[in-house]
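These are my notebook entries on one structure. I set down what I looked up, entry by entry.

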Amino acid sequence: MAPTATDGRDGYVAFVESHQHRLLRAAYLVCGNRHQAEDLLQDALLKLALRWSSVREGDPAAYVRSILYRDAVSWWRRRRREWLSAQPPDQVTVDRDGALRLALHQALGQLPPRQRAVVVLRYFEDLTEAATADVLGVSVGTVKSQCHDALRRLRTVAPELGRDDGLASEMEVKP
């Protein structure tokens, strides 16, 4: 019996329902803005829907991630970044983990688009260098050099992220 259009639509809907939250988190980490992340993901899922019949047998999540990161880099190239936030930057937070998250978010925001995408793919998505290169459409050597440069920059702009004392030790939960 040949697959029907309904079978394909049901598979697509099931995929979106099971993967949308993780993909949205990844998009947010790449672009740093929830609204833009939602737009990126919506565009990526639309592109997936158009190609679903040819992609569904492979790895549709990898296909969507590839679209997300490439579209984010393209967006950065076309536009200047404007930082919008729900809270004013000078607001003091009582959440100690929040301070570390904020420091990481601000540090990621200072990376160029390709470096940011490499860091998110390698350390958030936990992809190998080869898989990261595949998603971004670059060589493994480019991934290695971009990752090296990004980590060096992160250590410069946010030294508290790598410290074992100070802010990092304050973040530990005490019994």
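**Entry 1: helix 5 against helix 6.** Ala 117, Val 118, Leu 121 and Arg 122 of helix 5 meet Glu 129, Thr 132, Val 135 and Leu 136 of helix 6. Ala, Val, Leu, Ile, Met, Phe, Trp, Tyr, Cys and Pro count as nonpolar, Asp, Glu, Lys and Arg as charged, and the others, Gly among them, as polar.I then looked up the geometry. Axes are lines fitted to C-alpha atoms, for helices over the stretch in contact, and angles run from 0 to 180 degrees between N-to-C directions. Angles under 35 degrees count as roughly parallel, over 145 as roughly antiparallel, 65 to 115 as roughly perpendicular and the rest as oblique. The crossing of helix 5 with helix 6 is right-handed; a crossing is right-handed if the near helix is turned clockwise from the far one by less than a right angle, and left-handed if anticlockwise.

**Entry 2: the loop between them.** I looked up Asp 126, which lies in the loop between helix 5 and helix 6. Its phi is near 60°, a positive value in a residue other than glycine. Asp 126 counts as exposed, because its relative accessibility is 64%. Buried means under 20% relative accessible area, exposed over 50%, and partly exposed in between (1.4 Å probe, protein chains only).

**Entry 3: helix 7.** At what angle do helix 5 and helix 7 cross? I found roughly 100°, with the axes coming within 9 Å. Helix 5 is therefore roughly perpendicular to helix 7. On the helix 5 side, Arg 114, Gln 115, Val 118, Val 119, Arg 122 and Tyr 123 take part, and they meet Thr 142, Val 143, Gln 146, Cys 147, Asp 149, Ala 150 and Leu 151 of helix 7. I noted seven nonpolar, three polar and three charged residues in the contact of helix 5 with helix 7.

Helix 6 also packs with helix 7, at an angle of about 105° and with the axes 8 Å apart. That makes helix 6 roughly perpendicular to helix 7. Glu 129, Ala 130, Thr 132 and Ala 133 of helix 6 make this contact with Val 140, Val 143 and Lys 144 of helix 7. The residues of the contact of helix 6 with helix 7 are four nonpolar, one polar and two charged.

**Entry 4: the nonpolar cores.** Which residues have the most contacts inside the largest nonpolar core? They are Phe 15, Leu 48, Val 64, Leu 68 and Tyr 69, in a core of 36 residues. A nonpolar core is a set of buried Ala, Val, Leu, Ile, Met, Phe, Trp, Tyr and Cys residues joined through side-chain atoms within 4.5 Å. At least two residues of this core come from each of helix 1 (5-31), helix 2 (34-55), helix 3 (60-78), helix 5, helix 6 and helix 7 (140-157). Leu 68 touches Leu 23, Ala 27, Leu 40, Leu 41 and Ala 44, when residues up to four places away in sequence are not counted. A second, separate core has seven residues, among them Leu 108, Val 119, Ala 150 and Ala 158. In soluble globular proteins, nonpolar side chains tend to be buried together.

Leu 108 is buried, because its relative accessible area is 6%. Beyond its neighbours within four places in sequence, Leu 108 is in contact with Leu 29, Arg 116, Val 119 and Leu 154.

Entry 5: I looked up Asp 134, which is in helix 6. Asp 134 counts as exposed at 62% relative accessibility. Asp 134 and Ser 66 are 68 residues apart in sequence, yet 8.3 Å apart in space, C-alpha to C-alpha. Asp 39 is in helix 2 and is partly exposed, with a relative accessible area of 45%.

**Entry 6: the whole chain.** I recorded eight helices and zero strands. Of the 175 residues, 37% count as buried. Among contacts between residues at least 6 apart in sequence, 67% join residues at least 24 apart.

Entry 7: Residues are numbered from 1 along each chain as its sequence is written, and side-chain values use heavy atoms, with hydrogens and water left out. As the model is predicted, local features need pLDDT of at least 70 and side-chain atom pairs count only at pLDDT 80 or more, while totals for chains, interfaces and linings use all residues.

Conventions
Helix = DSSP H or I, 4+ residues; strand = E, 2+ residues; numbered from the N terminus. Contact = heavy atoms within 4.5 Å.
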